[in-house]
Amino acid sequence: MSELQVLRQEPRWHRRPDERRAEILEGAVLVFGRNGYKRTTLAQVAERAGVSPGTVCHYFGCKAILFEQMIAERLMPTVELEEAGLARHRGPVRDLLVELLRRFWERAWEPGILDLMRVVKVESAEFPESGRLLCRQLGERWRQVFGRILRAGMNRGEFRQMDVDVAARTIAYGVIGVAEKVSAFQAYDPQMPAREAMWEAVREMVDRFVLVKLPRAARQGERE
């Protein structure tokens, strides 16, 4: 039996405090995404995490703090990793952009993330001020990451000259928008292309948007 299987079989009340806290935050991502901020209760998060409501209160105190910590500890570290990784890249900037977009796309499909993004878009007025601030900071930092890559590509002559803020927003909104539509309609649209096919379309769309010169495969496709 693997270590992971043993951990899953171990009663939750025997888990270390950091593990229990992490489980509550993972449950919060799913519950806030499903119910929205206003309708979510600590009891619902506790049920999802497999702990008592008192345990959630012990670690986070109230719903507003739980929401804030969920953003800070479950969403913010992703962009922090991307920020740290920019300086380590060697090679064409286009490759760096595609790699980032791929991770951005895959992150969107993790359980609860797309639902949570919809909640941020629709219900942000209901968030506590600290939560709204964190969401704004998260969006700004993602745009700054995209912006740094776009500027690097422009400086090296790989990308066309463009308004970096507009382009960064367009790319981020485009990736998330396609993922949202696929997620929302795949159960109702029998002709919906596979998720991987939609990713390839997003990648090609971004190439055509930013590159000075398209990759050879894309140029050949245009001639066929």
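**Figure 1. The buried residues of helix α7 pack against helices α2, α5, α6 and α9 (164-185).** The model is predicted: local features need pLDDT of at least 70, side-chain atom pairs count only at pLDDT 80 or more, and totals for chains, interfaces and linings use all residues. Residues are numbered from 1 along each chain as its sequence is written, and side-chain values use heavy atoms, with hydrogens and water left out. Helix α7 covers residues 113-123, and its buried residues are Ile113, Leu114, Leu116, Val119 and Glu123. Buried means under 20% relative accessible area, exposed over 50%, and partly exposed in between (1.4 Å probe, protein chains only). Helices (H or I, at least four residues) and strands (E, at least two) are DSSP runs, numbered from the N terminus.

**Figure 2. Phe146 is among the residues with the most contacts inside the largest nonpolar core.** This core has 62 residues, and Leu66, Leu150 and Phe159 are listed with Phe146 as those with the most contacts inside it. A nonpolar core is a set of buried Ala, Val, Leu, Ile, Met, Phe, Trp, Tyr and Cys residues joined through side-chain atoms within 4.5 Å. The relative accessible area of Phe146 is 0%, so the residue counts as buried. Apart from neighbours within four places in sequence, Phe146 is in contact (heavy atoms within 4.5 Å) with Leu97, Leu100, Leu101, Phe104, Ala168, Ile171 and Ala172. In soluble globular proteins, nonpolar side chains tend to be buried together.

**Figure 3. Two edge-to-face ring pairs: Phe32 with Phe67, and Phe104 with Phe146.** Rings of Phe, Tyr and Trp (its six-membered ring) pair if their centres lie within 6.5 Å; planes under 30 degrees apart count as stacked, over 60 as edge-to-face and the rest as tilted. The count by this rule is eleven aromatic pairs. In the pair of Phe32 and Phe67, the centres are 5.1 Å apart and the planes stand at 80°, so the arrangement is edge-to-face. Phe32 lies in helix α2 (residues 17-39) and Phe67 in helix α5 (residues 63-85), 35 residues apart, which makes this a link between distant parts of the chain. Phe32 and Phe67 are both buried. For Phe104 and Phe146 the centres are 5.5 Å apart with planes at 85°, so this pair is edge-to-face. Here the partners are 42 residues apart, with Phe104 in helix α6 (residues 93-108) and Phe146 in helix α8 (residues 129-155). Phe104 has 8% relative accessibility and therefore counts as buried.

**Figure 4. The charged end of Lys63 sits over the ring of Tyr37.** The distance from this charged end to the ring centre is 4.5 Å. A charge sits over a ring if NZ of Lys or CZ of Arg is within 6 Å of the ring centre and within 35 degrees of the ring normal. Tyr37 belongs to a cluster linked by ring pairs, together with Phe32, Phe67 and Phe127. Lys63 is in helix α5. Leaving out neighbours within four places in sequence, Lys63 is in contact with Phe32, Tyr37, Lys38, Thr40 and Leu42. Lys63 is buried but has no salt bridge, and the nearest side chain of opposite charge, Glu123, is 7.0 Å away. For charge assignment, Lys and Arg count as positive and Asp and Glu as negative; His and the chain ends are not counted. A salt bridge is a side-chain nitrogen of Lys or Arg within 4 Å of a carboxyl oxygen of Asp or Glu.

**Figure 5. A salt bridge joins Glu196 and Arg102.** The structure holds 20 salt bridges. In this one, the closest N and O atoms are 2.9 Å apart. Glu196 in helix α10 (residues 195-210) and Arg102 in helix α6 are 94 residues apart, and the pair links distant parts of the chain. Glu196 is partly exposed at 40% relative accessible area, as is Arg102 at 25%.

**Figure 6. A salt bridge joins Glu180 and Lys121.** The closest N and O atoms of this pair are 2.9 Å apart. Glu180 is in helix α9 and Lys121 in helix α7, 59 residues apart. Glu180 is buried, with a relative accessible area of 8%, whereas Lys121 is exposed at 55%.

**Figure 7. Val178 in helix α9.** Val178 has 21% relative accessibility and so counts as partly exposed. Apart from neighbours within four places in sequence, Val178 is in contact with Trp105, Met198 and Val202. Val178 and Ala201 are 23 residues apart in sequence, with 9.7 Å between their C-alpha atoms.
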